[in-house]
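Me: I would like to learn how to read a structure like this one, feature by feature. Where should we start?

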Amino acid sequence: MSRIGNAPVAIPEGVTVTIDSNENVVTVKGKLGTLSEKLDKRVTPVLEGKEVLVKRANEEKQSRAMHGLYRALINNMVEGVSKGYTIEQELVGVGYRATNKGQILELSLGYSHNVVFELPKEITLKTETLKGQNPKITMTSADKQLIGQVAAKIRSLRKPEPYKGKGIKFTGEELRRKAGKAAGK
């Protein structure tokens, strides 16, 4: 059984954590922004020195599950406002291109039209196309949940196919490849 909920969340320098015990809301401020999360009533956060502890009300199965979940969410918020998160994706395929103008990402993915995707203001976007390499999309944000959701949405526009590997994939992702048709007799 996992004991992740019992581990304290260390608060690094430059990060402040405030807990509103009436509303059960944890707010984390750092150099990269401010994040807040409303916690379930089954768990209560406690600030002790330079650590945040999450306590659960009882030993029910749902309470134990919420205990580990909210401890992980608080840890992700602390890490996000101090270090930030970065996701890189690459476009594999002939003629696949990515350009951006501010928060608007324009993708050429082999469809009859270009796909225009607007990103939330919390995410900073950078695209680069180098000769002889696949176009890359780099996103950075303090919110791990938001950046993961946006990256999954972008990937769903053209998932990598198993035969040639064409599509949008995460940098470093290993794709399962299929053999294709066998030659006739």
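Me: Is Lys121 buried or exposed?

Reply: Buried means under 20% relative accessible area, exposed over 50%, and partly exposed in between (1.4 Å probe, protein chains only). Lys121 has a relative accessible area of 73%, so this residue is exposed. Before going on, note that this is a predicted model, in which local features need pLDDT of at least 70 and side-chain atom pairs count only at pLDDT 80 or more, while totals for chains, interfaces and linings use all residues. Residues are numbered from 1 along each chain as its sequence is written, and side-chain values use heavy atoms, with hydrogens and water left out.

Me: Which residue forms a salt bridge with Lys121?

Reply: Side chains of opposite charge can pair when their charged atoms come close. The rule for a salt bridge is a side-chain nitrogen of Lys or Arg within 4 Å of a carboxyl oxygen of Asp or Glu. Lys121 has Glu122 as its partner, with 3.4 Å between the closest N and O atoms. Glu122 is partly exposed, because its relative accessible area is 43%.

Me: How many salt bridges does the rule give in total?

Reply: The count is four. Among them is the pair Asp40 and Arg42, at 3.2 Å from N to O. Asp40 has 19% relative accessibility and so counts as buried, whereas Arg42, at 25%, counts as partly exposed. Another is the bridge between Arg56 and Glu59, whose closest N and O atoms are 3.1 Å apart. Arg56 is partly exposed, with a relative accessible area of 24%.

Me: What lies over the face of Tyr111?

Reply: A charge sits over a ring if NZ of Lys or CZ of Arg is within 6 Å of the ring centre and within 35 degrees of the ring normal. Here Arg158 lies over the face of Tyr111, 4.3 Å from the ring centre.

Me: How many aromatic pairs does a search of the whole structure find?

Reply: A pair of aromatic rings is described by the distance of the centres and the angle of the planes. Rings of Phe, Tyr and Trp (its six-membered ring) pair if their centres lie within 6.5 Å; planes under 30 degrees apart count as stacked, over 60 as edge-to-face and the rest as tilted. The search finds zero such pairs.

Me: How far apart should the ends of helix H1 be?

Reply: Helices (H or I, at least four residues) and strands (E, at least two) are DSSP runs, numbered from the N terminus. The expected span of a helix is 1.5 Å times one less than its number of residues. H1 covers residues 61-82, which is 22 residues, so its span should be 32 Å; the end C-alpha atoms are 32 Å apart, in agreement.

Me: Which residues of H1 are buried?

Reply: An α-helix has 3.6 residues a turn, so residues three or four places apart point the same way. The buried residues of H1 include Ser63, Met66, His67, Tyr70, Arg71, Ile74, Met77, Val78 and Val81. After H1 comes Gly84, with a positive phi near 90°.

Me: Which residue other than glycine has a positive phi?

Reply: Most residues other than glycine have a negative phi, and most peptide bonds are trans. Asn24 has a positive phi, near 60°. Asn24 is in the loop between strand E2 (16-20) and strand E3 (25-30), and counts as buried because its relative accessibility is 11%.

Me: In what order do E2, E3 and E4 form their sheet?

Reply: Two strands pair if DSSP finds at least two bridges between them. The order is E2-E3-E4, an open sheet with antiparallel pairing. E2 and E4 are the edge strands, each pairing on one side only. Five bridges join E2 and E3, and Ile19 stands opposite Val26 in E3. E3 and strand E4 (residues 33-38) share six bridges, and a hairpin through two residues joins these strands.

Me: Which strands stand at the edges of the four-stranded sheet?

Reply: This open sheet has the order E11-E12-E7-E13, with antiparallel pairing. Strand E11 (124-128) and strand E13 (167-170) stand at the edges; each has a single partner strand, so one side of each lacks a neighbour in the sheet. E11 has a covered face, Leu125 and Thr127, and an uncovered one, Thr124, Lys126 and Glu128. Lys126 stands opposite Thr138 in E12.
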